[in-house]
Amino acid sequence: MTRIVFATLAAVALGGMAGAASAGPLLTPSALAAQTEEQPIILDIRDTGYEDGHVPGAIWTPYATFRGPSDNPGAVPDVAKLEAAFEQFGLEPDQPIVIVPEGRSDTDFGAAARVYWTLKSTGFTDLAILNGGTQAWSAAGFPVETKTNNLLASDLELSFSDRWLASAETVAATVAGSHEAVLVDARPEDFFTGRSKHDLAVKPGTLPGARNLPHGRFFQAGSPVIAPELDAGPLRQALGLDAAPGREVVAFCNTGHWAATEWFALSELAGIEDVKLYPGSMVEWSQAKQPMENTPTLLSNLTRQIFGD
């Protein structure tokens, strides 16, 4: 069991908040408002609230579109369903896309990161997330609109790349020792240590041999805005990559939501190569009755109920 208590990361994340717009996969509200030459397609990914006010020009592409079934929400939807949805939205692979979450908490960022990961995996290349989402846009004093926006339907031919995806088979091979990868649990410590579990997980615990690097460490405490720049050096050291160059990193959580933030931070912001997301994560893994670590015994559960933590 490895917990990454990483003060340097927190300092780097907080220091990175001082800048303005990031020239990369993140946009500030001011940077988005200033884009006049090539207007991006703006995706409002909130499941509700679009009709109450959204960034002008945004189309509604609810997060549920990018998720799996109710019993395994982290699963990647069938590519044919994604293709049909993206065509209806009017998405084009060669047009810039800006993804806008709600922005009330760091958990909201995970939705944007998961959408970003899905679009990138299906061939979209010019992608950015509005850092802080709709809340940051409004807080900056920019106007919202309530009219419904629609684009002309597109005609796509998508495939899903496994370049940034870790399958359950790959994770099983890693746990068994026949595949080299660093397993990174993006959940808060209570989940990692087995004190909490997702409602759909069969039991609490984590992947055997996993390290814990909670997704919240990439944010200022209580802030929905992720650090726009991260130093790869301390992160590589914390993940043990300096001692094992070329090893893959596999981020997971409960349903591939928090872990999408982890993937985004490590891959897109820190520029670490070979970072992958295990989308089904612990819900899928536990439902398959695969081996787990940090699963409390009946005695430890009883002791905790009687005496507390």
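A residue is called buried when its relative accessible area is under 20%, exposed when that area is over 50%, and partly exposed in between, with a 1.4 Å probe and protein chains only. This is a predicted model, in which local features need pLDDT of at least 70 and side-chain atom pairs count only at pLDDT 80 or more, while totals for chains, interfaces and linings use all residues. Residues are numbered from 1 along each chain as its sequence is written, and side-chain values use heavy atoms, with hydrogens and water left out.

Of the 309 residues of the protein, 51% count as buried. The protein has 11 helices and 10 strands, where helices (H or I, at least four residues) and strands (E, at least two) are DSSP runs numbered from the N terminus. If contact is taken to mean heavy atoms within 4.5 Å, residues 24 or more positions apart account for 79% of the contacts in the protein with a separation of 6 or more.

A nonpolar core is a set of buried Ala, Val, Leu, Ile, Met, Phe, Trp, Tyr and Cys residues joined through side-chain atoms within 4.5 Å. The largest such core holds 58 residues, of which Phe86, Ile99 and Leu119 touch the most other members. Once neighbours within four places in sequence are left aside, Phe86 is in contact with Phe66, Leu91, Thr118, Leu119, Thr122, Phe124, Ser154, Leu156 and Leu158. A second, separate core has 13 residues, including Val171, Leu183, Phe252 and Met292.

Strand β5 (residues 97-100) contains Val98, which is buried because its relative accessible area is 3%. Not counting residues up to four places away in sequence, Val98 touches Leu27, Leu32, Pro40, Ile41, Ile42, Leu43, Ala128 and Leu130. The C-alpha atoms of Val98 and Ala128 are separated by 4.8 Å, although these residues are 30 apart along the chain.

Which residues form one aromatic cluster? The members are Phe109, Tyr116, Phe219, Trp263 and Phe264. Rings of Phe, Tyr and Trp (its six-membered ring) pair if their centres lie within 6.5 Å, and planes under 30 degrees apart count as stacked, over 60 as edge-to-face and the rest as tilted. By this rule the count comes to 11 aromatic pairs. The rings of Tyr50 and Trp60 have centres 6.4 Å apart and planes at 25 degrees, so this pair is stacked. The pair links distant parts of the chain, 10 residues apart, with Tyr50 in the loop between β3 (41-44) and β4 (59-60) and Trp60 in strand β4. Tyr50 is buried because its relative accessible area is 4%, whereas Trp60, at 39% relative accessibility, counts as partly exposed.

The loop between α5 (133-139) and α6 (168-176) holds Thr146, and Asp155 is also found in the loop between α5 and α6. Thr146 is exposed, with a relative accessible area of 52%, and Asp155, at 71% relative accessibility, counts as exposed as well. Leaving aside neighbours within four places in sequence, Thr146 is in contact with Glu51, Asp52, Gly53 and His54. From Thr146 to Gly53 the C-alpha to C-alpha distance is 4.7 Å, across 93 residues in sequence. For Asp155 and Ala84, 71 residues apart along the chain, the C-alpha atoms are separated by 8.9 Å.

Two backbone angles also deserve attention. Most residues other than glycine have a negative phi, and most peptide bonds are trans. Asp274 has a positive phi, near 60 degrees, and is found in the loop between α9 (258-269) and β10 (275-277). At 25% relative accessibility, Asp274 counts as partly exposed. Ser281 also has a positive phi, near 50 degrees, but lies in helix α10 (residues 281-287) and is buried, with a relative accessible area of 0%.

On a 1 Å grid over the protein atoms alone, a cavity is a set of points where a 1.4 Å probe fits but cannot get out, and lining residues have an atom within 4 Å of a point. The residues that line the largest cavity are Arg187, Ser196, Lys197, His198, Ala201, Lys203, Pro204, Gly205, Asn254, Met282 and Met292.

Notes
On a 1 Å grid over the protein atoms alone, a cavity is a set of points where a 1.4 Å probe fits but cannot get out, and a pocket is an open set with protein on both sides within 12 Å along at least five of seven lines; lining residues have an atom within 4 Å of a point.
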